Amino acid sequence: MHELIRDITLCILFAWMLGLSAHFFRQPLILAYLIAGFVIGPFGLGLVQSKESISVISELGLIFMLFMIGLEIDLKKIVRAGSVILVAAGVQLIGGCLLGIAFFATIGLAIGGGQFDAVYLMVACALSSTVIIVKVLYEKRELDTLPGRITLGILVLQDIFAILFLAVQPSLADLQISVLILSIARVGALVATALVLSRYVLPWLFHRVARTPELVLLGALAWCFLIGEIAERLHLSREMGSLVAGVSLSTFPYALDVTAKVTTLRDFFITLFFVGLGMTIPIPNGSIISMALAIAVFTVVSRLVTTFVPLYLMRQGLRASLLPALNLAQISEFSLVVIQTGIPVGHLRTETASAASFAFVLLAVLSTFAMARSDQITRRAIPLLKRLGLRDLDQQAEAEHDSGHGAARRIVILGFFRAASALISEIERRNEDLLQQITVIDFNPNVYRTLATRGMHVVYGDISNVDTLLHAGVGNAEIIILSVPDSLLKGATNERLVRHVRGLNPTAKIIATADLLADVNALYVAGADYVTVTRISDAEQLYSVIEAADDGLLDDKRAALDALLAERKEVLP
């Protein structure tokens, strides 16, 4: 026991020190934890030698990690996911698995006879890293963009696929129909038990302890370990049980509160899991490095093929098809979980697991770098793809209608997000004829199709590209509106756009948007005629709400707002 406490102390200490270095160099923390484990493990400095300590540390971290992954899987969002996301995820998973099993079997990895290296790598390479992707997209403010939503939708369905694999994983060595049916029946019994208890028992219990944070946290942990133990008794794994425990709570009324209270504890045990995993990684030899490079290259290539192609064929445009493929081009931390479950039962060699870990590290670094610069990468890739014969949405529209964009209308809206969506709805309400005098330029394929369906003049293109503005006829417009704030613009700023537009059109009235008060004067110097600051209009609205509340008219004000919202049909709800 004392040795375990000492080993955990070393894990946390080295994880913290290397985590600080990773933070300063803007690298994923998971990478730091893996390196920390390698350094203190038996293949590094040998500070931690006990196999029992390593096993306990890894298993505890794995249980908590899967519990939190389950909590973050929102089944309602999957039901509401659009057909584009569902089809793209299906093609990515099925295509990735078919390509994976073919590739890994071709390079000589086992696919049966008690060894399933190719099968585990097939699954591992089909999954992408939720931790890395969400972190980078959040920092870039791209979670709510179309490519961001497609990426997140695919990630959720990948997690569901991993759950299904974990359900049949114990029976891989004897995949008879009867054994498979028995495994599915056991999983069904586990899921049914968890759902019934979470639906009819847990709400009653949590409602009574909701005001006591300690009991909420303790109840969540008790639930995790209870379902894990039930899974163990059903000859499944505790890890599978913890995942089901999390999923069964994901639609629970107190799920957000539970997640918030368990997060700190989760981070502690996830750190232990990845440090423990790092302790199992041996010093690589030539064959492990070669296999890791093969896994990494295959993952990137297969992700481009299985993600870009279906999105492009569903007419999402080159940009919205490329960005999710770039976002997903790494191996998931869940992949390491899947591989770790196969080692104790002898399904794959430790060399294969080590190669997968090295591939994870390599892709974690490269994909973080690529995602941070995804806009520059797509801007360079799109002209090349066009030269190869692939058409973007603007070219497809021209081919179908045998004409170009035509001259821009009197009013041009550059970039289309929520403010522009609200503006179009307001114009529809007040003066619908004005819509025929407006041209919208944006590269969101959903915006392009929706506005075109409504009969508006819309140009598919990147507003940060001067050639796009010139080709769209911005030089002939009378009023030019830039409603997208700098924080959401890609490859440009409002100041730079104002300068470009003023150079193309010296006489137009330019209306720009400022994030900061300090930006207002710079926009006027650049050539803007009027600058909107959304925080000011928001403040005026909030002040009117305070006045209504003081006068006892808040219900009337809300009723007026509800009536206004009911009649609006915005492009971006």
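Biologist: How many bridges join strand β2 to β3?
Modeller: In this predicted model, 4 bridges join β2 (residues 438-442) to β3, and the two strands run parallel.

Biologist: OK, and which residue in β3 is the bridge partner of Thr439?
Modeller: That's His457.

Biologist: Which way do the β3 residues point?
Modeller: His457 and Val459 point one way, while Val458 and Tyr460 point the other way. Residues 457-460 make up the strand, and all four of these are buried.

Biologist: What do β2, helix α21 and β3 make together?
Modeller: They make a right-handed β-α-β unit, with α21 covering residues 445-453.

Biologist: Switching to rings now. How many aromatic pairs does the structure hold?
Modeller: There are 6 aromatic pairs. One of them is Phe103 with Phe104, an edge-to-face pair with 5.2 Å centre to centre and 75° between the planes.

Biologist: Is Phe104 buried or exposed?
Modeller: Phe104 is buried, because its relative accessible area is 0%. Phe103 has 27% relative accessibility, so it counts as partly exposed.

Biologist: Why does the pair of Phe103 and Phe298 count as stacked?
Modeller: Because their planes sit at 10°, and stacked needs under 30 degrees. The ring centres are 4.9 Å apart.

Biologist: Where in the chain are those two?
Modeller: Phe103 is in helix α5 (residues 83-106) and Phe298 is in helix α14 (residues 286-313), so the pair links distant parts of the chain, 195 residues apart. Ring pairs link Phe103, Phe104 and Phe298 into a cluster.

Biologist: Last one: what sits over the ring of Phe443?
Modeller: The charged end of Arg319, 3.8 Å from the ring centre.

Definitions and conventions
Residues are numbered from 1 along each chain as its sequence is written. This is a predicted model: local features need pLDDT of at least 70, side-chain atom pairs count only at pLDDT 80 or more; totals for chains, interfaces and linings use all residues. Side-chain values use heavy atoms; hydrogens and water are left out. Buried means under 20% relative accessible area, exposed over 50%, partly exposed in between (1.4 Å probe, protein chains only). Two strands pair if DSSP finds at least two bridges between them. A crossover is right-handed if, with the strands pointing away from the viewer, the path from the first strand over the helix to the second runs clockwise. Rings of Phe, Tyr and Trp (its six-membered ring) pair if their centres lie within 6.5 Å; planes under 30 degrees apart count as stacked, over 60 as edge-to-face and the rest as tilted. A charge sits over a ring if NZ of Lys or CZ of Arg is within 6 Å of the ring centre and within 35 degrees of the ring normal.
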